[in-house]
Amino acid sequence: MTSVPDPVDGDFRCSVASARAAQQLAGTAPTEAAWLFVEYAGAWGRKAVAESRLPDEVRSFLDGLDGVRVQLIRRHRGAEGPGTRIFSADLGAVAGPVVRAAVLEDVRDVVSLDRETMEAYDDALWLVCTNGRRDVCCAEAGRPIAGALAARWPEATWETTHLGGHRFAGTLLALPSGIALGRLSAESAVAACREIAAGRVPVASSRGRAGLSGAAQFAELHIRRELGLSGLDEVVVTSVDGEEVGLHTPRGPVVVRVDSSPGELARQSCADLNTKSAPVYEVRSVPGRRRAPD
């Protein structure tokens, strides 16, 4: 058996170590509901916005946005313009995810942009993390994925700066569904995006839906596996009350309790020698309620 690289070895790859340790993928999607994506084809640093060459007022504005996760995006191989593409996503909307888009003549205009008045954008977006300055796994896995997707969906595909969970590289966020994927290869990414485009969730590679809590993400994927449901809208999280997660399914409402416990200490990133514990989720039935299968 091939051994996992030693933690102080320069050849250590967090994504390889995570896969070999079978670390839990479900429940690890980003939990932020509000997102802003800003096109920037320049070099990306570890702190992408702060270390960019965007105008000072733009960097200050983006870093100061409260409750909004800001991502830089660029076309595969760095193609630019005309104009600066901006996308906003609200994954916590009651009526479902809302994505909007705008093209700015000058990136400085983002400071005065009213995101609520941006044009609705209903087409697919495949956002692939490729920021090697943040973690080498993201670049090594992400760039071939971005290339493969761009060859198939040139308008939908963007590289982006940081989706979290380096240990699950390659990672991707699909909009408007908000489905986050992990442990992708170029081939499996194309197959997974085809599934999403056809209205299905690729459960095996899904980290969960961004904008939900980790427990709610895990509950949704658990129910999908147990009931064999892959349709995008077949399982919907309707409530989260502490450890209890309510979900709507074609077979009626279910409630599950999601317990969380600390996982084993492990390196979460190639660039960080420190070990951390990620939560491990487990679903339990709720007595006296219509519940999910055990």
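Predicted model: local features only at pLDDT ≥ 70, side-chain atom pairs only at ≥ 80, totals over all residues.
1. Disulfides. The structure holds 0 disulfides. Two cysteines show why. The sulfur of Cys-14 has its closest cysteine sulfur in Cys-270, at 3.6 Å, which is too far for a bond. For Cys-137 the closest cysteine sulfur is also in Cys-270, at 3.4 Å, and this too is too far for a bond. The cut-off for a disulfide is a pair of sulfur atoms within 2.5 Å.

2. Burial of these cysteines. Cys-14 has a relative accessibility of 1%, so Cys-14 counts as buried. Cys-137 is buried as well, with a relative accessible area of 2%.

3. Thr-160, position. Thr-160 belongs to strand S7, which runs over residues 157–160. Is Thr-160 buried or exposed? Thr-160 counts as buried because its relative accessibility is 0%. Along the sequence, Thr-160 and Val-38 are 122 residues apart, while their C-alpha atoms are 9.4 Å apart in space.

4. Val-70. This residue lies in strand S2, residues 69–74. Val-70 counts as buried because its relative accessibility is 19%, and the cut-off for buried is under 20%. Not counting residues up to four places away in sequence, Val-70 touches Leu-36, Val-49, Leu-62 and Leu-65. Val-70 and Asp-106 are 36 residues apart along the chain, and 18 Å separates their C-alpha atoms.

5. Ser-177, position. Ser-177 sits in the loop that links strand S8 (172–175) and strand S9 (179–181). Although Ser-177 is in a loop, Ser-177 counts as buried, at 12% relative accessibility.

6. Ser-177, contacts. Which backbone atoms does the side chain of Ser-177 reach? One is the backbone oxygen of Ala-174, at 3.4 Å. Another is the backbone nitrogen of Ile-179, which lies 3.3 Å from a polar atom of the Ser-177 side chain. Leaving aside neighbours within four places in sequence, Ser-177 is in contact with Pro-97, Ile-196, Arg-209 and Leu-232.

7. The largest pocket. Rolling a probe the size of a water molecule over the atoms shows where empty space is left. The largest pocket has a volume of about 460 Å³. Its lining is made of 18 residues, and those nearest its centre are Leu-91, Gly-96, Pro-97, Arg-209 and Val-236. Pro-97 and Arg-209 were named above as contacts of Ser-177.

8. The cavity. How many cavities of 30 Å³ or more does a search of the whole structure find? The search finds 1. The largest cavity holds about 30 Å³ of space. Its lining consists of Ile-179, Val-201, Ser-206, Gly-208, Arg-209, Gln-217, Glu-220 and Leu-221. Strand S10 (206–209) and helix H5 (214–227) each give at least two residues to this lining. By class, the lining of the largest cavity has 3 nonpolar, 3 polar and 2 charged residues.

9. Arg-209 lines the largest cavity and is among the residues nearest the centre of the largest pocket. Arg-209 is also in contact with Ser-177.

Terms used. Residues numbered from 1 in each chain as written. Heavy atoms only, no water. Helix = DSSP H or I, 4+ residues; strand = E, 2+ residues; numbered from the N terminus. Buried < 20%, exposed > 50% of the residue type's maximum accessible area, 1.4 Å probe, protein only. Polar contact = N/O pair within 3.5 Å; in protein donor to acceptor, adjacent residues only side chain to side chain. Contact = heavy atoms within 4.5 Å. 1 Å grid on protein atoms, 1.4 Å probe; cavity = no way out; pocket = protein on both sides within 12 Å on 5 of 7 lines; lining within 4 Å. Points joined across faces, edges and corners; volume = space filled by probe spheres on them. Nonpolar A, V, L, I, M, F, W, Y, C, P; charged D, E, K, R; others polar.
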